[in-house]
Amino acid sequence: MPESSKLKAVLNGKCPRCKEGDMFKFGAYNLRNFDKMYDNCPKCSLRYEPEPGFYYGAMYVNYAFSVALFVILGTVVFYVFDNPDIWVYASTIFGTVILITPLLFRYSRIVYLHVFGRFKYQS
Ligand SMILES: [Zn+2]
């Protein structure tokens with residue numbers, strides 16, 4: 001499988017095996033249902049939760065994304081506003097995190113399943 005296809009599957013939230021079936025039932029900004037996942041791939045029936053509690057590990061991916069976001073936004077705010085007060089950093093980072101929470105949640109799970117779920121599927 002070419003790397004671009006894997007990257008495309010991750011970016012589009014597709015199944016790690018067939019890369020065609022959706023992982024999530026609704027859009028990211030359907031705020032009542034953005035976290036609802038299919039139990040199995042609609043195309044190839046791959047089970048999306050290889051073991052109970054599998055997605056607890058996605059919290060660490062979310063943490064890594066959050067730290068990267070804080071560093072990037074902090075750097076951008078520092079240069080754009082020329083070393084502003086602390087409230088400018090806090091409000092920019094807090095506002096951005098609120099806006100992209102559904103995306104952080106979903107991409108944490110997608111990346112975690114694509115990276116760590118593979119070990120379960122190889123046997
Ligand atoms: Zn599939």
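Tutor: Start with helices and strands. They are DSSP runs, numbered from the N terminus: helices are H or I with at least four residues, strands are E with at least two. Just after helix 2, Asp82 takes a positive phi of about 55°. This is a predicted model, where local features need pLDDT of at least 70, side-chain atom pairs count only at pLDDT 80 or more, and totals for chains, interfaces and linings use all residues. Residues are numbered from 1 along each chain as its sequence is written.

Student: How many helices and strands does the chain have?

Tutor: Four helices and zero strands. The pattern along the sequence is α-α-α-α.

Student: What span should helix 2 have?

Tutor: The expected span is 1.5 Å times one less than the number of residues. Helix 2 covers residues 58-80, so its 23 residues should span 33 Å. Its end C-alpha atoms are 32 Å apart, which agrees.

Student: How many residues of helix 2 are buried?

Tutor: Buried means 20 or more other C-beta atoms within 10 Å of a residue's own; exposed means 12 or fewer, partly exposed in between, with C-beta atoms placed from the backbone. In helix 2 the number is one, so this helix lies largely in the open. Of the chain's 123 residues, 11% count as buried.

Student: Which residues form the largest nonpolar core?

Tutor: A nonpolar core is a set of buried Ala, Val, Leu, Ile, Met, Phe, Trp, Tyr and Cys residues joined through C-beta atoms within 7 Å. Here the largest has six: Cys15, Met23, Phe24, Cys41, Ile110 and Leu113.
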